[in-house]
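Please work through the exercises below with the sequence and the model open beside you, and try each task before reading its solution.

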Amino acid sequence: MGGERMAGRGKDTVRAVRRPEVRLPELQAYDGRELEPEGDYDGLEFTEVDCAGQSARGARFMDCALRRCALDETVLSRARIIDSVLSGARGVGTDLSQASLRDVEVVDGRLGGVQLHGAVLERVVVRGGKIDFANLRRAKLRDVAFEGCVLVEADFGGAELERVSFDDCTLARVDFSAVRMKDVDLRGAAGLDIARGIDCLGGAVISTAQLMDLAPAFAAQVGVRVE
């Protein structure tokens with residue numbers, strides 16, 4: 001079907017995530033200057049750079065690698081991050097609201113309270129690490145794979161998810177309120193704890209075991225009392 005790979009079979013068939021293929025060119029070391037709003041960063045390697053409190057609002061990062069950088073309260077709202085790798089990033093309150101991430105790998109991040117509301121993520125892999133209290137309200141995720149990571153109280157309220165998978169991930173107290181889903185594969189999640197939005201799973205696929213775990217929440221949603 002148009003060359004797209006498929007996952008599952010029968011009625012559980014979902015279109016597989018199209019993953020990024022990031023091939024970085026030879027990179028130049030970043031000179032360590034403070035980030036600038038609307039800055040243009042191309043073919044650079046940021047290694048253990050402390051970007052805490054800096055603003056790169058509306059900046060463009062293309063063919064870049066950010067390795068073990070501190071992003072506490074870093075403002076990257078409306079930034080465009082393209083064909084890049086973020087490895088070992090750490091920070092609290094990183095602002096990526098309305099940012100655009102395309103063909104990006106995020107590896108072993110340790111982030112808390114990251115703001116991604118209104119952001120657009122396309123062909124993104126989030127592998128390993130832990131993200132607490134991520135705000136993804138009204139974000140658009142297309143072809144996004146979460147792999148082996150922990151998401152604690154992630155808020156997807158009003159977001160659009162298309163071809164999104166969660167393999168070997170732990171989702172704790174996740175909020176799917178008013179989410180619109182299409183080809184979302186939750187079967188690989190190691191833990192699936194939905195705090196809100198159990199009624200918005202149309203367009204997702206879950207396993208039989210997950211259905212049994214979520215049965216009380218489904219029953220409560222339709223007003224069925226289980227005794």
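**Exercise 1.** Which residues form a nonpolar patch on the surface, and what is their accessible area together?

*Solution.* The structure is a predicted model, in which local features need pLDDT of at least 70 and side-chain atom pairs count only at pLDDT 80 or more, while totals for chains, interfaces and linings use all residues. Residues are numbered from 1 along each chain as its sequence is written, and side-chain values use heavy atoms, leaving out hydrogens and water. The patch is formed by V222, V224 and V226, which together have about 300 Å² of accessible area (Shrake-Rupley method, 1.4 Å probe, with only the protein chains shown counting as cover for residues). Patch members have over 30% relative accessible area and no salt bridge, and nonpolar side chains (Val, Leu, Ile, Met, Phe, Trp, Tyr) are joined within 5 Å, like charges within 9 Å; a salt bridge is a side-chain nitrogen of Lys or Arg within 4 Å of a carboxyl oxygen of Asp or Glu.

**Exercise 2.** Find where D168 lies, and decide whether D168 is buried or exposed.

*Solution.* First, D168 is in the loop between β14 (160-167) and β15 (170-175), strands being DSSP runs of E with at least two residues, numbered from the N terminus. Next, its relative accessible area is 56%, so D168 is exposed (buried is under 20%, exposed over 50%, partly exposed in between; 1.4 Å probe, protein chains only). Finally, D168 has a positive phi of about 55 degrees, although it is not a glycine.

Definitions and conventions:
Helix = DSSP H or I, 4+ residues; strand = E, 2+ residues; numbered from the N terminus.
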